[in-house]
Amino acid sequence: MKLFRRPPLPALSALDAEAALTEARREIGRRIEAPARRAFLQRSLTLGGLSMLSGCSLSDSASVEAALGRVSRFNDGVQGWLFDPTRLAPTYPASMITRPFPFNAYYGEDEVRVVDADRWRLDVGGLVADRRPWTLAALRALPQHEQITRHICVEGWSAIGRWGGVRFSDFLARVGADTTAKYVGFRCADDYHTSIDMPTALHPQTLLALDWDGAPLPPRYGFPVKLRMPTKLGYKNPKHIQALFVTNTNPGGYWEDQGYNWFGGS
Ligand SMILES: Nc1nc2c(c(=O)[nH]1)N[C@H]1C(S)=C(S)[C@@H](COP(=O)(O)O)O[C@H]1N2
Ligand SMILES: [Mo]
């Protein structure tokens, strides 16, 4: 099994740190419309301020790495804070669907997990009132929604796809989830795992997807269930979900634990 097909994050330098800050400032520029607030946020996001915080000069790579970790965590906070729970990601006409839609995972397509639909159950745990597992038929009996949205992968490609399924906010309401909790964590049939913030879990375009392009998800796209979020990067969208849980302890994730930004907004 090709475990680490995606290269680890490159060695970090002060230049990388500056680039990360520039990117974060650009992001603020894109998202904040009020000029005074935008300028304030962009100014307050500096490496100088960061080195004061960490009490180091950022001259050696270890302290730059520590500082970049702080930038990433700071970015989680900034992104969480900037996230507008009512703002919708763009949608597209069916004519723009990418065909064939790309496959990606931390292993090759020849190793895609094939889940047995009859034996599969979605386990629900953590801060929820009703922990009964769900069958595929029970999920299909809930109101279904569709979206044609863009999936963006950090490896440098994006693709437009059509997903159908249950609004995750409807599902969370059905299981009596504590929506004041901070996180929802996911465990997958291929041992992948990831987690998201509750505001994104409740976003109207966050879908517990059962279908791709009008038919049940093929194995490569995450049969039987994937979480589809057009507001987050590809690695935040877990395929082959087996269990989900509501928690106040950040569960991290497969790529997130290797240094990829946890919030992962797109
Ligand atoms: N279970 C599982 N989910 C996963 C992954 C994975 O390796 N395993 N890879 C992620 C990444 S990095 C991407 S880009 C998308 C790819 O989804 P696709 O195959 O539908 O294009 O799945 C995400 N979800
Ligand atoms: Mo990805």
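Which of the 17 residues around ligand 1 come nearest? In this predicted model, they are Ala105, Cys188, Tyr192, Gly234 and Lys239. A residue counts as near a molecule or strand if its C-beta atom, placed from the backbone, lies within 6 Å of it. The shell around ligand 1 comprises 10 nonpolar, 4 polar and 3 charged residues. In this division Ala, Val, Leu, Ile, Met, Phe, Trp, Tyr, Cys and Pro are nonpolar, Asp, Glu, Lys and Arg are charged, and the others, Gly among them, are polar.

**Basis and confidence**

Residues are numbered from 1 along each chain as its sequence is written, while chains are lettered from A and ligands numbered from 1 in the order in which they are written. Local features need pLDDT of at least 70 and side-chain atom pairs count only at pLDDT 80 or more, whereas totals for chains, interfaces and linings use all residues.

The average pLDDT of the chain (the predictor's confidence in each residue, from 0 to 100) is 86, and 81% of the residues score at least 70. Over residues 50-58 the pLDDT is below 50, and this stretch has 18 contacts in the model beyond near neighbours in sequence. Two residues are in contact if their C-beta atoms, placed from the backbone, lie within 7 Å. Where pLDDT is low, predicted coordinates should not be read in detail.

**Overall architecture**

The chain contains 7 helices and 9 strands; these are DSSP runs numbered from the N terminus, with helices (H or I) of at least four residues and strands (E) of at least two. Of the contacts in the chain with a separation of 6 or more, 68% involve residues 24 or more positions apart.

**The four-stranded sheet**

An open sheet of 4 strands has the order E1-E9-E4-E5 and mixed pairing; two strands pair if DSSP finds at least two bridges between them. Its edge strands, E1 (123-126) and E5 (193-197), each pair on one side only. Within the sheet, E4 (residues 183-188) and E9 (residues 241-247) run antiparallel and are joined by 6 bridges. Cys188, one of the residues that come nearest to ligand 1, stands opposite Ile241 in E9.

**Hairpin and further pairing**

E2 (residues 144-153) and E3 (residues 157-167) run antiparallel, joined by 10 bridges, and Gln144 has Val166 in E3 as its bridge partner. The two strands form a hairpin with 3 residues between them, and Gly156 in the turn has a positive phi of about 105°.

E3 also pairs with E6 (residues 207-212) in the antiparallel sense, over 5 bridges. Here the bridge partner of Gly164 is Asp211 in E6.
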